[in-house]
Amino acid sequence: MREIVLDTETTGLNPLTGDRLVEIGCVEIYNRIPTGQNYHVYINPERDMPAEAFAVHGLSSEFLADKPLFAAVAEEFLAFIGNDPLVIHNAAFDIGFLNAELARLGRPAIVFDRVVDTLSLARRRHPGGSNRLDDLMTRYGIDGSRRTKHGALLDSELLAEVYAELCGGKQTALSLTIEERTVVVADGGPAAPLQRPRPLPPRVHAEELAAHEAFVATLGEGALWNGYVAEK
């Protein structure tokens with residue numbers, strides 16, 4: 001199944017009071033494994049950058065001045081995410097900003113039904129603990145040394161690893177269950193199990209059995225293996 005891990009950076013905390021998007025990062029995953037297809041863009045927010053926000057992501061007004069407006073990238077962004085599920089940490093924040101930008105363009109909002117909020121997943125799996133992205137990375141042994149500042153694409157890459165762990169690890173697709181099959185013969189009924197006419201000959205030679213018994217004798221009378229020798 002195709003999913004998009006998504007993160008954003010902004011000028012502040014509230015799109016309703018004038019804060020804007022400045023960065024979008026998306027990582028495509030298929031069955032929770034990154035495919036190598038990413039989407040990343042910096043956006044000119046058409047406003048100043050508060051010092052508090054700059055301290056978080058390091059994106060200055062000067063750096064963003066020549067970047068495209070959201071209106072110029074909206075179409076390619078929406079084409080990349082398609083209609084697939086969006087995996088986001090603290091999703092209400094990012095969806096709120098994305099929908100505020102889409103509303104300015106008269107575009108339909110992203111519905112929350114398609115969102116997988118990893119913060120909610122983490123709270124259910126680790127109740128009572130801190131479930132910030134940094135804390136989850138530490139909990140799952142994910143290397144976060146590259147994360148000196150928040151960055152939408154890097155955080156999406158790290159969140160993809162966290163998401164795989166929250167869903168049971170990277171080997172969740174590996175099934176260890178035994179598949180039951182029914183064999184049907186030509187007359188339509190189930191096939192009777194075949195019986196071996198004679199048991200297979202033992203594969204252990206007499207010399208090997210004697211050597212094993214001699215070794216067990218050196219372990220003392222309380223050794224667990226004595227019971228197996230007696231049964232033989």
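**Helix packing and a pocket**

Mentor: Helices α5 and α7 cross in a left-handed sense. This is a predicted model, where local features need pLDDT of at least 70 and side-chain atom pairs 80 or more, while totals for chains, interfaces and linings use all residues. Residues are numbered from 1 along each chain as its sequence is written, and side-chain values use heavy atoms, without hydrogens or water.

Trainee: What makes a crossing left-handed?

Mentor: The near helix is turned anticlockwise from the far one by less than a right angle; clockwise would be right-handed.

Trainee: Why are α5 and α7 called oblique to each other?

Mentor: Helix α5 (residues 118-125) and helix α7 (residues 152-166) pack at about 40°, with axes 11 Å apart. Angles under 35 degrees are roughly parallel, over 145 roughly antiparallel, 65 to 115 roughly perpendicular, and the rest oblique. So α5 and α7 are oblique.

Trainee: Which residues make the contact?

Mentor: With contact meaning heavy atoms within 4.5 Å, they are Thr-118, Leu-121, Ala-122 and Arg-125 of α5 and Leu-159, Tyr-163, Glu-165 and Leu-166 of α7.

Trainee: Which element gives the largest share of the lining of the largest pocket?

Mentor: Strand β1 does, with four residues. Helices (H or I, at least four residues) and strands (E, at least two) are DSSP runs, numbered from the N terminus.

Key
Axes fitted to C-alpha atoms, helices over the stretch in contact; angles between N-to-C directions.
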